[in-house]
Amino acid sequence: MPGPFISDEQVAYARTLARDITEPIFGHIDKHTTVSVERTVLRWFGVEGVGAMGAPLVNLMVDRLQAAGVLNRGAAYWYGRALKMGASSPLDAVERLTAAPLEKLAPLPAAEEAAMKDEVRAEARAAVAELKARVAKRNALREEFPMGPAPHKYVIVATGNIYDDVDQARAAAQAGADVIAVIRSTAQSLLDYVPHGATTEGYGGTYATQENFRIMREALDDESKKLKRYVQLTNYSSGLCMAEIAFAAAWERLDMLLNDAMYGILFRDINLRRTFIDQYFSRRICALAGIIINTGEDNYITTADAYDAAHTVITSQFINERFAHRAGLKDWQLGIGHSYEIDPHRPDTLLLELSQAMLVRRCFPDAPLKYMPPTKHKETDIFFSHAYDVMADLVAVWTNQGIQLLGMMTEAMHTPLLADRYVALKAASYIHRAAKGIDREFTVREDGLIANRARAVWERAVKLLEECKADGMVAAIGRGRFGDVKRTETGGKGLEGVLERAKDYFNPFLEELESAK
Amino acid sequence: MAAGTPIRAYGDRRDDGVIQLSFTLPVPLSEKAKEAAKLFCQKLGLTEVKVAAAERAADNYTFFIAYAKTHVALDWAAIDTPELVIKKLGFDDLNALIEKEVGRRVVVFGACTGTDTHTVGIDAILNMKGFSGDYGLERYPWFEAFNLGSQVPNAELIRRAALKNADAVLVSQVVTQRDVHKDNSRQFIEEAKKAGVDKKMTLLLGGPRVDHKLALELGFHAGFGPGTKPSDVANFIVHQVLQRMGKEQRGQHWEGEPR
């Protein structure tokens, strides 16, 4: 490893601060649920499909329960009541629940209610087992066809049409890609439902739907077998449907998900309370399904200046890590995000970028880490941009990144052409091959620019953690400490979907997830 | 250059006509594919085609890099583009000009409107930091710049700008799939007309797939494409303000303006 730069005690202190910062938020998470969490519960019971007008059945059902003022007992409870009323299928249950005047439904006698809950618990356990079986199938394929060496080369497809995406993803895999990301249609994060079925029209990307996940994973399974090298698939568990997307991704055997505890708040103006509750349930699902999460700290330094705001990345990484551990995620599942974004017109930027990436590696030695390429200062001179990306390739292999999103030389112009991905993959393969082990050959002097810069960034990161602890996360976000974006606790989208849990709130999936090892 | 002198592409000596190009054909790499690439270039009117690289980009796609000669020659003198008559002013000089000639801060509003979430363009122009070593409008003491961020409804941007009697409004559009940027930009102009601000304010469109011509077609006063620096936009706006005030002639041209 390139450097200590800082002592183990200092790193441990940062972790303590992150724990103290997040603990009050869990007091809030444990008392609340959201419409999106409840819809996830219903999806897991097998409620799928859409009703008239194309609204997902889970939305119809949850909206009905919310309107009747009874959602705070948990959708699982009402699902059980519907089964008791004689519902023969999930669809039938939806119909019965939307027809009955729920608020007038008499409470069940205690013994009957306990028996009903046991039945629902048994059904939930079976559904969890089925999900685990699907994950096991994915893991078996990974064992049969091992992945290439890290850094895993990650590229994006974004045609808007899932079938065109499949062609592009196969081509990228053949050119050496290890991870395929299907970018979502712009503003999907603000939809309070998950669209249904295979989609062929999107803007700036392709809608994340369960069926689209299935289609793409099936194509990549096929390609993995042909290439005898497992190709991973990722999507975006962010926005108003974090947990539902996490469930759909887990069910369809995805390997990774973009999933950040604060990204939605800062960059999509989604309500802070809503995001904290949703991220917890979504991460519980990721933990169970062995999904690697990718956090979004790279976004801070595309809005704020990458040199001046470098410490906010480190601060946020510790907070994201704590949220993740608290949701049961293991270190190997933490694709902690950062990026190569310092203005290339400054002097010493290769050293500064190395310093930052080495500091992140120093703080999170057992996490795969997710490295993002330059975007903000990309130029339309593709030859310069290509050289610029190659420097990020070098930093990625030097600091043993687990996952590296490859920069595209046409970044500032258009969605990547097929050849752009090929050129990026060829260059990254070369650099990774050429410089493998460079970290073991060169030690970094503790009195040099790299170490001094790392210590300066560290000092500010710890100060910010201390500020977050003293004043609370909400206040820090309110002051625009992260990404120069200011948000309030009751602002943003989706607050109306947050509910206080009733005393007898029932969520057998949460029970299962929280007791899982 | 003397009038009537033809100009040709320059490779490594005058008038050799050498150009480079790269493209992909949806065929597997093979001798036949290389021949197809050569024919492709010849059909473009190129001669002495050298397919320098034929790379297997995927099983059924081959990526080519080719060098060839073109006989195309242009009459330099016949190219009609307005000459630059005013030199673009630097940060301090532009602030001084506003102070002296406008006598108040120039008010600018900007946002990514519609469903677009990509603020990188509007941030580069408006935020303090700027772009490529060129300060953003927020840094100019004689500008009052408001960056409303992303996914702002067109009507909201106009409403906010009208409240502050803005001199200029910047609309940034990054996502361009299925021409969503054009539809949204048209809607912005409709809203501006409805609010009666289209004659009072300078309406600017920016983005990676925007050019001046497109912006004019859509009803904006100017369009700024890739590579635009904040100082280009700042100069343009100040000249527009001075023209509205009658302190500068309309139809003047200067360095860095959109064309």
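What follows goes from the domains to one helix and then to the cores.

Keep in mind that this is a predicted model. Start with chain A, where the domain assignment gives domain 1 (32–126) and domain 2 (147–450). Taken over C-alpha atoms, their centres are 36 Å apart. The two do touch: 13 residues of domain 1 of chain A are in contact with 13 residues of domain 2 of chain A. On the domain 1 side, strand 1 and helix 2 (35–44) of chain A each supply at least two residues, and helix 2 gives the most, with six residues.

Now look at helix 1 (residues 8–29) of chain A. Its 22 residues reach 31 Å from first C-alpha to last, close to the 32 Å expected. There's a bend of about 30° at A:Glu23, with a proline, A:Pro24, following within four residues. Buried residues in this helix include A:Ala14, A:Leu17, A:Ile21 and A:Ile29. Their cover includes strand 1 (32–34), helix 11 (272–289) and helix 18 (449–471) of chain A.

On to the cores. The largest nonpolar core has 174 residues, and A:Met61 and A:Ile180 have the most contacts inside it. Leaving out residues up to four places away in sequence, A:Met61 touches A:Leu42, A:Val47, A:Ala75, A:Val94, A:Leu97 and A:Thr98. A second, separate core of 47 residues includes B:Leu137, B:Val174, B:Phe220 and B:Ala222.

Chain B is assigned domain 1 (6–75) and domain 2 (91–244), with 40 Å between their centres, taken over C-alpha atoms.

How values were computed
Residues numbered from 1 in each chain as written. Chains lettered and ligands numbered in written order. Predicted model: local features only at pLDDT ≥ 70, side-chain atom pairs only at ≥ 80, totals over all residues. Domains from an automatic or database assignment. Core = buried A, V, L, I, M, F, W, Y, C linked by C-beta atoms within 7 Å. Buried ≥ 20, exposed ≤ 12 C-beta atoms within 10 Å, placed from the backbone. Contact = placed C-beta atoms within 7 Å. Expected span 1.5 Å × (residues − 1). Bend = angle between axes of the 7 residues up to and from the residue.
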